[in-house]
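Hi,

Here is the structure I said I would pass on. Please open it first, then read the notes below.

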Amino acid sequence: MAVVFQKPHALTDAVLHYCPGCPHGIIHRLVAEAIDNLGIEGRTIGVAPVGCAVMAYDYFSCDMLEAAHGRAPASATGIKRCRPECIVFTYQGDGDLASIGMAETVHAAARNENITVIFVNNAIYGMTGGQMAPTSLPGQVTQTSPYGRDVNHCGWPIRVCELLSTLEGPEYVARVAVNNVKNVKAAGKAIEKAFRNQVENKGFSLVEVVSACPTNWGMTPQKALEWVESDMIPYYPLGVYKDRTAAKEAEQK
Amino acid sequence: MAERILMKGNEAIAEAAIRAGCRHYFGYPITPQTEIAAYMAKKMPKIGGVFLQAESEIASINMVYGAAAAGMRVMTSSSSPGISLKSEGLSYIAGSDVPAFVVNVQRGGPGLGGIQPSQSDYFQATKGGGHGDYHMIVLAPASVQEMASLTIKGFNLADKYRMTSMILADGTIGQMMEPISFEDAEIESYDKPWALTGTGMERKHNIVNSLYLKPDELERTNFARFEKYKTIEENEALYEAYRMEDAEICVVAFGIASRVAKNAVAAARSEGVKVGLIRPITLWPFPKKALRQAAEQVKAFVSVELNMGQMIDDIRLATECTRPVSLCNRTGGMIPSPDQVLESIREAAKGVN
Amino acid sequence: MAKVTFKTDLCKGCGLCVEACPKHILAIAKDTINQKGYYPAVMTDQESCIACAFCATMCPDCIITVEK
């Protein structure tokens, strides 16, 4: 009997603290699988965010840094610039990456910093109890938009992939989801590509993973993943928003 | 005869950092310290080092945090408002026990303030600056030579004690040009088994972190850190004593204020006033022992500062308020003249006779 | 021959595996709770398993191992 599926080596034995059905666990596994498949665990350094995934430093087997809120791309830059032989990744939520850390995100992308950024977008601030995120949908009810997000009051959600794809800097910007098996497998491929790009010194690679927050959305895990399909993905379409190498290759043909 | 180079204060810091083995600089322009960034921008690429102008002071301190966690000698520099921006990062660096080197070339404040020199970030530097219980080693150069030698010392102390060393300079010394030498520089090297270097699949992963959700654990780390600080206070306090042997009045001043004060002390001596100067070189650890001893001998202290009275509190604490301490101050970018300090000395002398 | 193993005591009973299984042979236990107090996922018909690993693909807690 051969093992067809098991927990990747790059995940530790620590028990995940996430809520039942929280896709963080799936995304952590996809990152760990990419690290295992590329054989880079020994030289990988991860940067954990502030948010539900703050304790990611306990879950990955590689060296880990706990960054300040939003500043993971800056700290990752510091690590990568002084240890370019290491593979450096950040793992960030929507508040971390698109609110407080927006400057660090944009500038790391603009500099084409040779790092891998995993952006978990669940349209809400989970850790602090369900407040509005820069990616919360119009009309979405959260603790700080109790009457539904009013675009006349606080504007529209930010589509990070579209935003970053306008920059010269980034090598690869893609949006995926983990709400069903097909999407999880595609997400795994995109995440592995984002790591492989760094191994091949191609530059800044970001994968936005449309995720869910059953607890703060007030839904069961199943209903939450259905809402991803019905409401999140239409607003945040899946796809590759920038692939510099692929574009160059297409041009040459 | 040692080789002497004429250098500007800010550039002396940059050159000394390079000689101390620093190959990574992350910073952002702000007057009056941008020469440090400019010097690094020119030099680092030539020596295989890294210079990066970050998007903000916040980004640069977090880049420093990352590189420091990766075990590298790394620095940033800024001035007052930029240091405020770095407060959170400095607290994270302290809470994670990683070494870093930060330079504050002070300007007038608060707010946008002015671009002329001040010493009004004394509280910010010596009481930690960011949130939580912690300290940084704070070094106060009073000459371009000290800008260089204290930089080298700062890197050594940071690595030795796994904390931030901060040079608390002012715009005057930053812009001043004086001949200096690097020849007595002693570069110390410390192992960093805790650093993030990649496990190589040969060891358990290292985690650099300041989060401890269990309160008893967080309390333990705080107490342990303060045990370390106690050792530093006992062993690393530095100061200069000038004409203190028979002094009845003690002037206390650091940085540019100390140079002005020295002139005033000399002038007062020629008038027959028995006055001396204690110049703290480390502001944290503050030379408490030296001041306590001085309090047994002198009748009054005069604090000369370019702020509204900050170090004066530490003088009172160190001497346990056993002697009167008066303040001779200018701020906003103004510098006290030797005459102004002399007048304060005369007042203090009158007060005790 | 396929074999699916669950680390039952680490299961949070989220049900994503049950939803994902194309053979509909997984279920949330109704009568037993695990160490953490959750109703865990259980295999109801190992014989019919095709080792597609869809369950493991969706499990956020990595408690499923699939062998063939």
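**What was found**

B:P32 sits in the loop that runs between β2 (24-27) and α2 (34-43) of chain B. Helices (H or I, at least four residues) and strands (E, at least two) are DSSP runs, numbered from the N terminus. The model is predicted: local features need pLDDT of at least 70, side-chain atom pairs count only at pLDDT 80 or more, and totals for chains, interfaces and linings use all residues. Residues are numbered from 1 along each chain as its sequence is written, while chains are lettered from A and ligands numbered from 1 in the order in which they are written.

Most residues other than glycine have a negative phi, and most peptide bonds are trans. The bond between B:T31 and B:P32 is cis, with omega about 10°. B:G109 and B:P110 are also joined by a cis peptide bond, with omega about 0°. B:P110 belongs to the loop between β5 and α5 (122-126) of chain B.

Two residues other than glycine have a positive phi. A:N112 has phi near 55°. A:N112 lies between α5 and β5 (116-121) of chain A, in a loop. A:N112 counts as partly exposed because 17 other C-beta atoms lie within 10 Å. (Buried means 20 or more other C-beta atoms within 10 Å of the residue's own, exposed means 12 or fewer, and partly exposed is in between; C-beta atoms are placed from the backbone.) B:E320 has a positive phi of about 55°. B:E320 is in the loop between α11 and β15 of chain B. With 11 other C-beta atoms within 10 Å, B:E320 is exposed.

**How the chains meet**

Which two chains share the most contacts? Of the two pairs of chains in contact, it is A and B. A contact means that the C-beta atoms of two residues, placed from the backbone, lie within 7 Å. On this count, 29 residues of chain A touch 35 residues of chain B. On the chain A side, β2 (44-48), β3 (63-66), α3 (72-82) and α5 (102-110) give two or more residues each. α3(A) gives the most, with eight. By class, this side of chain A has 14 nonpolar, seven polar and eight charged residues. (Ala, Val, Leu, Ile, Met, Phe, Trp, Tyr, Cys and Pro count as nonpolar, Asp, Glu, Lys and Arg as charged, and the others, Gly among them, as polar.)

β3(A) runs parallel to β9 (residues 207-208) of chain B, over two bridges. (Strands pair if DSSP finds at least two bridges between them.) A:M64 faces B:I207 in β9(B).

Chain C contacts chain A through 22 residues of chain C and 24 residues of chain A. On the chain C side, α1 (16-20), α2 (54-58) and β4 (64-67) each supply at least two residues. α2(C) gives the most, with four. β1 (residues 3-5) of chain A and β4(C) run antiparallel, joined by two bridges. There, A:V3 is opposite C:E67.

Chains B and C do not touch; their nearest C-alpha atoms are 20 Å apart.

**A sheet in chain B**

Chain B has an open sheet of five strands, in the order β10-β12-β11-β14-β15, with mixed pairing. β10 (239-242) and β15 (325-329) of chain B are the edges; each has a single partner strand, so one side of each lacks a neighbour in the sheet. Neighbouring strands are turned by 20° against each other on average, direction ignored. β10(B) and β12 (residues 275-280) of chain B are antiparallel, with four bridges.

α12 (residues 338-352) of chain B packs on this sheet, touching β11, β12, β14 and β15 of chain B; its direction makes about 160° with that of β14(B). (Axes are lines fitted to C-alpha atoms, for helices over the stretch in contact; angles run from 0 to 180 degrees between N-to-C directions.) The buried residues of α12(B) are B:V341, B:L342, B:S344, B:I345, B:A348 and B:A349. They cover an arc of only 160° around the axis, so they lie on the same side of α12(B). (The arc is that of the directions from the helix axis to the C-beta atoms.) B:D339, B:K350 and B:G351 are exposed on the other side of α12(B).

Best wishes
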